[in-house]
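Reader: I have a sequence and a model to look at. Please take me through the metal site, the ligand site and a few single residues.

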Amino acid sequence: MFWDPDYETIDRSELERIQLERLQQTVRRVATRVPFYKQKLAEAGVTPDDIRSLNDLRRLPFTTNADLRDNYPNGLLAVDLDNVVRLHTSSGTTGKPKAIFFSAGDINRAADLIARCFIMTGVRKGDVFQNMMTYGLFTGALVMHYGAEKVGCLVIPAGPGNSERQLLLMRDFRTTVIHLTPSYALYFAGFLGKNGVDPKRDLALRRAFVGAEPHTEETRRKIQESLGIEVYNSYGLSEMNGPGVAFECIHKTGMHLWEDHYLMEIVDPQTGEPLPEGATGELVLTTLTREAMPLLRYRTRDVTSVIPGKCPCGRTHRRINRITGRTDDMLIVRGVNIYPQQIERVLMSMPSLGHNYLITLSGLDEMTVKVELAETAFDGSVEHLVQLQNQIVEKLRAEILVKPKVELVQSGTLPVSEGKAKRVVDQRVL
Ligand code: AMP
Ligand code: ZN
């Protein structure tokens with residue numbers, strides 16, 4: 001089943017024709033309406049007429065996170081302010097936020113892409129969608145909300161946190177689909193266990209959409225098993241309208257990236273040079289249909305690769321692999337490059353371990369991994385604990401080539417954040 005079969009299964013050559021047409025329009029619009037791009041294009045020596053094929057994309061300048069901040073608040077707007085109907089921001093950790101503007105058409109198109117994602121994973125009118133993401137300036141909840149309404153779901157705008165209330169809503173309104181961060185999904189699964197709720201017996205849940213933060217296949221498996229549902233990976237970023245950029249279909253073999261709305265490249269994060277298909281690098285996205293705030297070659301800093309070949313679902317939009325992290329997530333510990341996802345993969349594959357972990361870097365270059373035990377793991381014997389601890393240390397050392405300290409803590413004792421999980425605390429004196 002498709003939401004928009006003509007576009008979802010479009011012939012690649014026809015898709016490329018549309019992409020080129022939309023790219024040309026986008027470049028023309030920003031060249032005339034956005035002084036920042038006018039100047040950038042002039043510096044790069046490119047005019048809109050130079051874009052004659054999709055290969056000319058690489059002649060265009062990149063847009064970075066810093067460009068968005070420098071042009072805060074209105075510098076990247078391509079329409080008059082009275083044609084903007086919604087403002088979102090993406091805050092990051094420091095400094096000014098990034099302002100993201102939507103025209104009415106932008107909202108409608110973003111919701112349409114979410115509708116594709118919902119239908120693609122089997123959600124239908126009549127499903128009950130409990131949205132457990134943060135409502136507010138963050139795009140994650142509202143954009144999904146609009147898409148779910150388009151499909152005809154009953155939408156429960158629950159927001160995150162307050163697990164008792166989530167459970168009450170879920171029970172009383174027979175929620176079938178939830179949308180939440182993977183870290184909250186893990187926590188919530190633990191919460192149900194502690195409260196004696198068996199989701200298969202007591203709830204009507206069938207599916208979860210998880211996104212907004214990097215997570216591993218092992219984490220997905222853990223959520224699926226503990227909630228007894230299908231879990232689909234949902235990728236997006238505020239700069240590209242939020243969720244609905246790429247999403248898994250029922251085959252769960254990578255996320256279809258909607259290429260009629262976003263042009264993708266994978267580049268070498270150091271040099272910015274495009275990499276061959278299948279290679280892992282930084283995802284760069286160009287908006288093709290955005291009115292209020294088109295962006296050229298936006299450096300997402302998300303690391304992934306394109307999966308070659310066709311998907312059995314029949315969609316022709318290429319798939320990207322699970323995001324393994326961000327180019328700026330990488331930790332350097334004692335000279336070794338480590339991605340937090342490597343640690344997560346090890347921890348989440350061990351049945352004796354629970355749902356939450358925290359990596360702390362301290363002193364000169366000490367790494368401590370705190371991890372919660374599974375509810376059922378601890379038989380009370382110290383010997384058992386020490387054995388488990390040593391086993392984790394060894395597994396981690398084999399994966400990341402650095403020997404961390406491991407601390408086992410009781411389930412439910414590590415901090416849980418309402419928004420994106422904070423997995424690394426760096427207190428090093430460098
Ligand atoms: P925001 O702009 O606040 O929505 O954050 C977007 C960022 O969240 C992306 O650039 C990614 O780094 C991360 N993100 C979103 N969805 C996923 C996902 N499914 N897997 C991994 N990272 C994700
Ligand atoms: Zn597919």
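Author: The questions and answers below concern a predicted model.

Reader: Which residues coordinate the zinc ion (ligand 2)?
Author: The donor atoms lie at 2.1 to 2.3 Å from the zinc ion (ligand 2). In sequence the donor residues follow the spacing C-x6-H-x54-C-x1-C. The atoms involved are SG of the cysteines and NE2 of the histidine, and the residues are Cys-249, His-256, Cys-311 and Cys-313.

Reader: What is the arrangement of the 4 donor atoms around the zinc ion (ligand 2)?
Author: The angles subtended by the 4 donor atoms run from 101 to 119°. Four donors count as tetrahedral if all angles lie between 85 and 135 degrees. The angles at the zinc ion (ligand 2) meet that condition, so the arrangement is tetrahedral.

Reader: How many residues apart in sequence are the parts that Cys-249 and Cys-313 tie together?
Author: Both residues are donors to the zinc ion (ligand 2). Cys-249 sits in the loop between strand S8 (242-248) and strand S9 (255-257), whereas Cys-313 sits in the loop between strand S13 (306-307) and strand S14 (319-320). The pair therefore ties together parts whose separation in sequence is 64 residues.

Reader: Is Cys-313 buried or exposed?
Author: Buried means under 20% relative accessible area. Cys-249, with 0% relative accessibility, counts as buried. For Cys-313 the relative accessibility is 16%, so Cys-313 counts as buried.

Reader: Where is His-251, and what distance separates its C-alpha atom from that of Thr-121?
Author: His-251 is in the loop between S8 and S9. Its relative accessible area is 34%, so His-251 is partly exposed. Along the chain, His-251 and Thr-121 are 130 residues apart, and their C-alpha atoms are separated by 9.0 Å.

Reader: Which residues come nearest to ligand 1?
Author: There are 17 residues around ligand 1. By class, this shell has 6 nonpolar, 6 polar and 5 charged residues. Its largest share, 5 residues, comes from strand S7 (residues 230-237). The residues that come nearest are Asn-233, Ser-234, Ser-238, Asp-302 and Arg-326.

Reader: What share of the area of ligand 1 does the protein bury?
Author: An oxygen atom of ligand 1 lies 2.8 Å from a polar side-chain atom of Arg-326, and a nitrogen atom of ligand 1 lies 2.7 Å from a polar backbone atom of Ser-234. Ser-90 has a polar side-chain atom 3.5 Å from an oxygen atom of ligand 1. Taken alone, ligand 1 exposes 490 Å², and the share of this that the protein buries is 93%.

Reader: What joins the side chains of Glu-259 and Arg-12?
Author: Glu-259 is in the loop between S9 and strand S10 (262-267). Its relative accessible area is 1%, so Glu-259 is buried. What joins its side chain to that of Arg-12 is a polar contact of 2.7 Å.

Reader: Which residue does a cis peptide bond join to Tyr-72?
Author: Most peptide bonds are trans. Here omega is about 0°, and the bond is cis.

Reader: What distance separates the C-alpha atoms of Met-144 and Pro-73?
Author: Met-144 is in helix H6 (residues 139-151), and its relative accessible area of 0% makes it buried. Pro-73 belongs to the loop between helix H4 (65-70) and strand S1 (84-90). The two residues are 71 residues apart along the chain, and their C-alpha atoms are separated by 25 Å.

Reader: What is the phi of Arg-301?
Author: Most residues other than glycine have a negative phi. Asn-162, in the loop between strand S4 (154-156) and helix H7 (163-172), has a positive phi near 50°. Arg-301 lies in strand S12 (residues 298-304). Phi of Arg-301 is also positive, near 70°.

Reader: Is Lys-422 buried or exposed?
Author: Lys-422 lies in the loop between strand S20 (405-409) and strand S21 (424-426). Its C-alpha atom and that of Glu-213, 209 residues apart along the chain, are separated by 9.7 Å. The relative accessibility of Lys-422 is 61%, so Lys-422 counts as exposed.

Terms used: Residues numbered from 1 in each chain as written. Chains lettered and ligands numbered in written order. Predicted model: local features only at pLDDT ≥ 70, side-chain atom pairs only at ≥ 80, totals over all residues. Heavy atoms only, no water. Donors = N, O, S within 2.8 Å, 3.2 Å for Na, K, Ca; no water. Tetrahedral: all angles 85-135°; square planar, octahedral: opposite > 155°, others 65-115°. Helix = DSSP H or I, 4+ residues; strand = E, 2+ residues; numbered from the N terminus. Buried < 20%, exposed > 50% of the residue type's maximum accessible area, 1.4 Å probe, protein only. Near = heavy atom within 4 Å. Polar contact = N/O pair within 3.5 Å; in protein donor to acceptor, adjacent residues only side chain to side chain. Areas by Shrake-Rupley, 256 points an atom, 1.4 Å probe, with all protein chains shown as cover. Nonpolar A, V, L, I, M, F, W, Y, C, P; charged D, E, K, R; others polar.
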